Amino acid sequence: MICYTVRCHAGHNFEGWYRDSKTYESLQAAGAIVCPECGSRDVRRAPMAPALSGTKASRRNDALFHEASEEAPSADAPETHATPTVTPVSAEDAKRIHVMGKIREAMVEMRRHVEKNADYVGPKFAEEARKIHYGETEERSIYGEATNKESEALKEEGIEFGQIPWVPETDA
């Protein structure tokens, strides 16, 4: 999957996730990408910086390796071209996708905030929360894991805590 920032003719920016660049290009050419702000189908990828890794030499060697390992098609083999399937996206669906992306961004930002400002206690969350509640240890922000049974017990004891969805920062 690849994420592109897309800009409509009116200057609205939004993100879109696509299988690959060819999928984006075929959807864009078919007018299937819609600006969630104004509904325009006149959209283009916004400029972005490439993500490079490794050295030029290693990338060149990788390219040579892949070229050498590919078999040439036989002369009598039929030429095949994958035709992308284009599913039109309504303006309403585009807005929904845009909102879902914004929600995910907010959840990732919340995760980063928690990781930066709280102590990770892992599966000992319930135990640490009790120690803090009953004054057995210093008051501080913590995060970790608790079973449903442990969470219910904490609620019954009047210990305040929150449960948040833990969204991965990047898709694998």
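This report walks through the fold, the confidence and the surface of one predicted model.

A few ground rules come with the prediction: local features need pLDDT of at least 70, side-chain atom pairs count only at pLDDT 80 or more, and totals for chains, interfaces and linings use all residues. Numbering starts from 1 along each chain as its sequence is written, and side-chain values use heavy atoms, with hydrogens and water left out.

The protein chain has five helices and five strands, in the order β-β-α-β-α-α-β-α-β-α along the sequence. Helices (H or I, at least four residues) and strands (E, at least two) are DSSP runs, numbered from the N terminus.

Strands β4 and β5 run parallel and share three bridges; a pair counts once DSSP finds at least two bridges between the strands. Asp-119 sits opposite Ile-142 in β5.

| Element | Residues |
|---|---|
| β4 | 119-122 |
| β5 | 142-144 |

Now for pLDDT, the predictor's confidence in each residue, from 0 to 100. The chain averages 77, with 73% of its residues at 70 or more. Among the elements, α4 has the highest mean (95) and helix α2 (residues 56-69) the lowest (42). Over residues 55-85 the pLDDT is below 50, and beyond near neighbours in sequence this stretch has four contacts (heavy atoms within 4.5 Å) in the model.

As for burial, 22% of the 172 residues are buried, meaning under 20% relative accessible area with a 1.4 Å probe, protein chains only.

Definitions and conventions. Buried < 20%, exposed > 50% of the residue type's maximum accessible area, 1.4 Å probe, protein only.
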